[in-house]
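Subject: Structure handover

Dear colleague,

I am passing this structure on to you, and the sequence and coordinates follow directly below. After them you will find my notes on what turned up when I went through it.

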Amino acid sequence: MKKVIKIARRSFLIGSASIVGGVAFGVYAYHKPGHNVLKDSLNEGEAALTPYVKITPDGIILTTPHCDKGQGAYSVQAALIAEELDVTLEDIQVDPGVPAPVYYNTAISQETVPFASTDNSLIANSVRTTMDAAMKFTGMQITGGSTTVADSYTKLRVAGAVARETLKQAASLQSNIAVEKLRTEKGHVILPNGDQISYLDLARTAANIDPVEEVILKAEDQWRLIGKPMQRIDIEDKSTGKIRYGIDLKLDNMLIATVKQSPTKNGGIKSIELNKADQMPGVEKVVRINNAIAVIAQTTWQAFNAIDEIEIEGNKPDYPLHSDEHWQILENSFQEEKLAFIARDEGDANGENLLNSNKIEREYRAPYVAHAPLEPLNATIKVSEKRVDVWTGTQTPQFLKSQIAKITQMDEDNIHIHAMMMGGSFGHRLETLVMTQAAEIAMAMPGTPIKLIYKREEDFAQDFTRQIAMAKATGHIKGKEIIGLDLGIAMPSVRQSQTSRLGLPDVGKDMQMVAGAWDQPYTIENYKVAAYKAGPLPPVSSWRSVGASSNAFFHDSFLDELIHAADLDPMEERIRLMWHENSRKTLEAVAQMSDWSSPLAKDKARGVAFCLSFGVPCAQVIEISNTPNGIKIDKVFVAAEVGKIIDPINFDNLVKGGVVWGLGHAMNCEITYSDGMVDQTNYHVHEGMRLYQCPEIFVKGLENGEKVKGIGEPPVPPAAPALANAIFAATGKRIREMPFNKHINFI
Amino acid sequence: MREILINGTAYQLDVDGDTPLLWVLRDHVGLTGTKYGCGISQCGACTVHINDMAVRSCSITLDEVDGEITTIEGLSKSSEFHAVQKAWIEHQVAQCGYCQSGQIMAAAAFLEQNPEPTDQDIDQAMSANLCRCGTYPRIREAIKSASKQLNGIEA
Ligand code: FES
Ligand code: FES
């Protein structure tokens with residue numbers, strides 16, 4: 001099936017679904033075309049055919065605005081453009097590009113609107129489209145929320161197709177042959193007689209003609225790249241040590257800085273004892289910055305040594321000092337005044353039917369956990385007289401630019417962000433504190449590039465962690481039927497914490513407070529999910545899968561408890577209750593993959609869990625052994641519905657990584673507070689999964705859905721409840737609190 | 001002044017002998033393939049070889065180094081990739097890739113000593129190296145295929 005995509009020239013119609021993501025040349029701002037930033041820096045003989053495709057006499061450069069945190073985003077984006085442009089991945093270079101509003105992310109707003117992703121009603125779609133327009137307006141270039149693929153799928157293919165058709169026009173002009181008689185292949189326009197003109201030789205002509213306005217995207221059966229296993233473009237460099245991350249940057253005259261912040265986070269600094277750190281070998285300067293002290297030294301080791309000497313006492317923060325008090329705050333949040341909103345309210349919670357049923361009440365907990373990507377936070381900044389250069393890995397380059405401009409009091413046009421490869425993020429690099437600190441430090445030494453590196457201990461101490469959360473659940477069973485599920489969830493609002501740090505207003509409902517719970521596609525007569533806002537608590541941020549990382553554990557564990565209480569089969573009953581077909585198919589798939597109804601050895605058991613998050617239904621079955629030395633996780637079966645798999649290898653790798661992430665933290669990770677300070681200092685007390693604990697993981701991607709979705713986060717939420725459900729099946733012990741190793745041993 | 005041998009090259013270094021080898025490599029020699037992850041022997045990102053033994057370079061000082069150092073940059077002794085690197089590429093192990101220099105160095109030293117490891121051997125040998133991205137299933141596969149390749153070559 002071929003699709004003709006008409007390119008809107010100037011206006012962006014709110015409410016027109018066909019326009020979402022389908023705009024050539026990337027995007028158009030309200031009433032005027034988005035500025036093609038690539039045109040700003042062209043040399044003679046180069047053409048920027050769209051904001052994503054630049055052709056120079058030396059090569060083809062594709063711009064991939066979604067940053068690569070390790071999820072393979074560069075490769076996926078390049079493949080989408082290359083598919084339509086008719087070039088091979090070996091023939092192109094990839095450039096993360098400069099931050100610019102034209103690269104705004106249309107998909108991320110969809111996770112912030114109060115409509116379930118299964119809700120395709122007119123009103124839901126029109127609100128989503130309106131949100132898209134708002135996103136574009138503010139120029140949010142964000143990588144997060146598993147949106148890379150969703151945002152890019154049509155947009156980048158159209159960009160590739162427009163460039164291809166424009167090159168054909170150029171070839172037609174040069175050769176005097178009608179466009180219809182030309183075709184393209186491997187970076188060349190092919191003439192009817194078999195002669196070829198390289199794209200590179202067409203750049204000059206193409207630069208002087210108007211890009212075409214109407215393109216036809218290739219039919220799926222013509223695809224060379226999409227859907228087939230790809231070799232990631234950075235895989236060799238990542239297997240030879242050649243790849244350069246932000247922390248590896250070396251510039252002439254560069255100095256190294258490290259910081260120690262108030263250990264009580266927003267409490268601020270009460271006192272600082274330098275202990276002669278400023279006189280230690282290699283130390284150039286000790287600088288007081290906002291809420292922290294920084295050491296600038298010749299080498300990293302000298303900076304680390306000096307910072308270790310410095311003692312900082314923090315003031316009392318605005319949150320309680322100890323973790324038990326934090327739990328107390330959550331406990332006390334389940335009351336009318338703290339009710340943020342009711343996200344789902346079906347049936348009558350006080351109805352007659354419920355009164356004559358079996359009532360079950362439970363409580364669940366999810367602790368703070370750290371992001372701790374293996375590359376510690378870092379940023380390099382050089383403040384010169386007329387410009388500021390920033391080298392760092394960031395998920396929000398546009399925000400960063402405006403923040404650095406504010407701190408250095410420079411014009412935004414003079415702030416130059418150089419995107420660096422990231423050694424993981426998981427949400428950590430959504431935050432910009434390390435960059436703004438680096439800017440403050442660099443201002444103390446104008447003209448000298450300063451690389452700020454956090455010690456691992458500081459990275460742990462100052463992480464804006466995953467939210468702490470608690471759920472109170474009430475269920476009702478009548479005979480063998482679940483007739484009521486009422487879930488109250490209390491947590492601090494991640495979004496409010498983030499916007500307050502950015503100085504932005506926080507408006508509307510924070511749907512992440514109920515994500516992974518309120519929109520689960522089950523039919524239960526009396527079904528209620530409510531959010532309670534808890535605080536004051538320490539600052540928190542997005543952690544791989546955000547709200548769903550705690551809420552799926554609450555929702556699915558409780559559902560499992562109700563199903564067991566009704567003496568039903570956990571798989572069959574979930575399937576029976578599910579109204580959403582594509583979600584049900586993921587459960588059916590894992591049932592089959594795991595051979596669910598087959599008997600297991602006496603010491604083995606299975607658990608199932610399901611969560612719809614980020615628009616992706618994902619079901620998992622976990623098989624475990626109950627050994628004398630503890631629980632051993634043997635196998636995990638995963639099925640996820642993503643509409644379209646761009647690269648099956650990357651898909652498989654991301655799903656397995658998500659499962660390891662979800663299980664590892666559920667098993668043994670938590671961040672706690674004493675005296676207002678984080679207790680955990682390094683990986684030995686926040687370990688996650690190690691290789692010997694890693695189960696065999698079997699992955700199946702389903703492609704029944706209409707919309708293309710990303711897979712970075714959705715495998716995380718079901719992992720914890722599937723494990724807890726399996727532990728119950730194996731031992732009869734129901735664990736309602738993460739990390740599970742507080743209650744049971746793992747091998 | 002001190003002389004150390006790294007990847008077959010002798011370096012004259014004027015560095016405080018208490019400096020951990022990790023930072024000597026990264027800041028003084030300019031070999032940044034070896035990574036800093038934890039600084040306390042917990043993650044393995046900084047793994048290098050000293051006389052073919054896998055060592056956590058964050059936890060050994062320059063003065064303590066006794067022998068020839070091999071880093072990820074020098075793992076392959078020829079123009080071809082080392083068998084472990086080949087397997088890592090073939091299985092597309094890396095996600096963010098930050099841990100992988102350490103993983104590859106650990107695997108190479110391990111296979112040198114135990115060319116035909118059992119699954120249990122692999123689990124034991126490789127569990128000191130953390131991967132936050134969760135590439136463990138592919139690390140296992142890659143080690144098995146590297147082992148086959150190495151044994152093929154040696155046979
Ligand atoms: S940095 Fe050496 S083991 Fe982590
Ligand atoms: S690949 Fe990212 S930490 Fe291992």
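In this predicted model, the side chain of A:Asn668 comes to 3.0 Å from the backbone nitrogen of A:Gly688. A:Asn668 belongs to helix H16 of chain A, which covers residues 648–668, and with a relative accessible area of 16% A:Asn668 is buried. If neighbours within four places in sequence are set aside, A:Asn668 is in contact with A:Glu687, A:Gly688, A:Pro739 and A:Asn741.

A:His428 counts as buried, at 5% relative accessibility, and its side chain makes a polar contact of 2.8 Å with the side chain of A:Asp459. Not counting residues up to four places away in sequence, A:His428 touches A:His371, A:Pro373, A:Leu377, A:Gln395, A:Asp459 and A:Asp463.

For chain A as a whole, there are 17 helices and 31 strands, and 63% of its 747 residues count as buried. Of the contacts in chain A between residues at least 6 apart in sequence, 76% join residues that are at least 24 apart.

The largest nonpolar core has 171 residues, and those with the most contacts inside it are A:Leu723 and A:Phe740. H16(A) supplies the largest share of this core, with nine residues. Leaving aside neighbours within four places in sequence, A:Leu723 is in contact with A:Phe740 and also with A:Ile622, A:Ile624, A:Ile633, A:Leu663, A:Met667 and A:Phe746. There is also a second, separate core of 37 residues, which includes A:Tyr52, A:Ala79, A:Ile81 and A:Ala171.

Turning to the strands, chain A contains an open sheet of three strands in the order E8-E9-E10, with antiparallel pairing. Strand E8 (183–185) and strand E10 (196–198) stand at the edges of this sheet, and because each has a single partner strand, one side of each is left without a neighbour in the sheet. Neighbouring strands of the sheet are turned against each other by 30° on average, direction ignored. Between E8(A) and strand E9 (residues 188–190) of chain A, the antiparallel pairing runs over three bridges, and A:Glu185 has A:His188 in E9(A) as its bridge partner. Helix H4 (residues 199–207) of chain A lies across E8, E9 and E10 of chain A and runs at about 70° to E10(A).

Strand E22 (residues 450–453) of chain A is another place to look. In a regular strand the side chains alternate between the two faces of the sheet. In E22(A), A:Ile450 and A:Leu452 point one way while A:Lys451 and A:Ile453 point the other way, and all are buried. Strand E12 (residues 255–261) of chain A runs parallel to E22(A) and is joined to it by three bridges, with A:Lys451 as the bridge partner of A:Ile256. Strand E19 (residues 378–383) of chain A, by contrast, runs antiparallel to E22(A) and is joined to it by four bridges, and here A:Thr380 stands opposite A:Lys451.

Finally, in chain B, helix H1 (residues 21–29) is mostly covered, with eight of its nine residues buried. Those buried residues are B:Leu21, B:Leu22, B:Trp23, B:Val24, B:Leu25, B:Arg26, B:Asp27 and B:Val29. They pack against helix H6 (300–309) of chain A, together with strand E1 (2–6), strand E2 (9–13), strand E3 (47–50) and strand E5 (69–70) of chain B. After H1(B) comes B:Gly30, whose phi is positive, near 85°.

With best wishes

Notes. Residues are numbered from 1 along each chain as its sequence is written. Chains are lettered from A and ligands numbered from 1 in the order in which they are written. This is a predicted model: local features need pLDDT of at least 70, side-chain atom pairs count only at pLDDT 80 or more; totals for chains, interfaces and linings use all residues. Side-chain values use heavy atoms; hydrogens and water are left out. Helices (H or I, at least four residues) and strands (E, at least two) are DSSP runs, numbered from the N terminus. Buried means under 20% relative accessible area, exposed over 50%, partly exposed in between (1.4 Å probe, protein chains only). A polar contact is a pair of N or O atoms within 3.5 Å; within protein, one must be able to donate a hydrogen and the other to accept it, and residues adjacent in sequence count only if both atoms are side-chain atoms. Contact means heavy atoms within 4.5 Å. A nonpolar core is a set of buried Ala, Val, Leu, Ile, Met, Phe, Trp, Tyr and Cys residues joined through side-chain atoms within 4.5 Å. Two strands pair if DSSP finds at least two bridges between them. Axes are lines fitted to C-alpha atoms, for helices over the stretch in contact, and angles run from 0 to 180 degrees between N-to-C directions.
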